[in-house]
Amino acid sequence: MELLPENLQKLRGQVAIITGASRGIGRAIALELASYGANVVVNYASSSGAADSLVAEITAAGGEALALQADVSKLDQVEALFNTVIDKFKRIDILVNNAGITRDTLLLRMKPEDWQAVIDLNLTGVFLCTRAASKVMLKQRSGRIINIASVAGQMGNPGQANYSAAKAGVIGFTKTVAKELASRGITVNAVAPGFISTDMTSNLSNTEEILKFIPLGRYGQPEEIAGMVRFLAADTAAAYITGQVFNVDGGMVMA
Ligand code: NAP
């Protein structure tokens, strides 16, 4: 990673929390925001080695980053995470709710625990982190919140009743919170990725079948999601965008 020249570091002095940043899309978002000068909080659940090496990469390039373990589906751990961030950095400018899991299986085989685990992290986790960040952003009268949704929450996907319900919930949540926080200068948007090359999609067996539904004919890269997140987080023009869902999906969903 390289830091941009100082005059292009639009996020210099700003603090960004990215949940689930040890791997995949979250990692790419952390690198992107760090290259724009943000101090990034690399949250993770269990991959401490991956989180530490990401922090090392950012600091070696001259950026600032801090790895913090927390299961963001748990209220007490979210509170501890945000307390630590405020103690250290005194402010929160950007929250990216990215942490997510899948527990795919067809409806009749889906166990209540498969349902609950996905709802707890992919939907309740977004609520818990957004509530914690918004307390700080309301006082600052500024902030940008970006929720990573999914095309599954817009068009459904067999085997993902739990996941698509959570992601559709994230989209509704994004719109409501955008309306609640708009008067205080806080924007809330969602990014809906299609199929992106990460650990989450690495064991899908029906790749040929999937590619038929992607007009651009390939999986996306984590950096392509990170670019959209960076626009929403850093660009001055994005100050007038809130409550929207941006698809970065190779053309899968065309509204
Ligand atoms: P991934 O490669 O599996 O990475 C998941 C990340 O979430 C890891 O950093 C993981 O940390 C973290 N995480 C898992 N459970 C957590 C918890 N309880 N608390 C905090 N962090 C936790 O996934 P990805 O493909 O990058 O997906 C990132 C987001 O994009 C998810 O919300 C996903 O639903 C969404 N998305 C992905 C795709 C895709 O095609 N990949 C498509 C649409 C939407 P550890 O390393 O510690 O486990």
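Tutor: A polar contact here is a pair of N or O atoms within 3.5 Å. The model is predicted, and the distances below are computed from it. With that cut-off in hand, begin with the backbone of Ile25, where an N or O atom lies 2.8 Å from an oxygen atom of the ligand. Asp71 uses its side chain instead, placing an N or O atom 2.9 Å from a nitrogen atom of the ligand. On its own the ligand has 910 Å² of accessible area, and the protein covers 93% of that.

The shell around the ligand consists of 32 residues, and those that come nearest are Ser46, Ser47, Asn98, Tyr163 and Thr198. By class, 16 residues of the shell are nonpolar, 12 are polar and 4 are charged. Elements that each supply at least two shell residues include helix α1 (24–35), strand β2 (39–44) and helix α6 (161–181).

One further residue deserves a separate description. Asn147 sits in strand β5, which spans residues 143–148. Asn147 counts as buried because its relative accessible area is 0%, and the cut-off for buried is under 20%. The side chain of Asn147 makes a polar contact of 2.8 Å with the side chain of Asn97. Leaving aside residues up to four places away in sequence, Asn147 touches several others, among them Val126, Thr130, Val170, Phe173 and Val188.

Terms used. Residues numbered from 1 in each chain as written. Predicted model: local features only at pLDDT ≥ 70, side-chain atom pairs only at ≥ 80, totals over all residues. Heavy atoms only, no water. Near = heavy atom within 4 Å. Polar contact = N/O pair within 3.5 Å; in protein donor to acceptor, adjacent residues only side chain to side chain. Areas by Shrake-Rupley, 256 points an atom, 1.4 Å probe, with all protein chains shown as cover. Helix = DSSP H or I, 4+ residues; strand = E, 2+ residues; numbered from the N terminus. Nonpolar A, V, L, I, M, F, W, Y, C, P; charged D, E, K, R; others polar. Buried < 20%, exposed > 50% of the residue type's maximum accessible area, 1.4 Å probe, protein only. Contact = heavy atoms within 4.5 Å.
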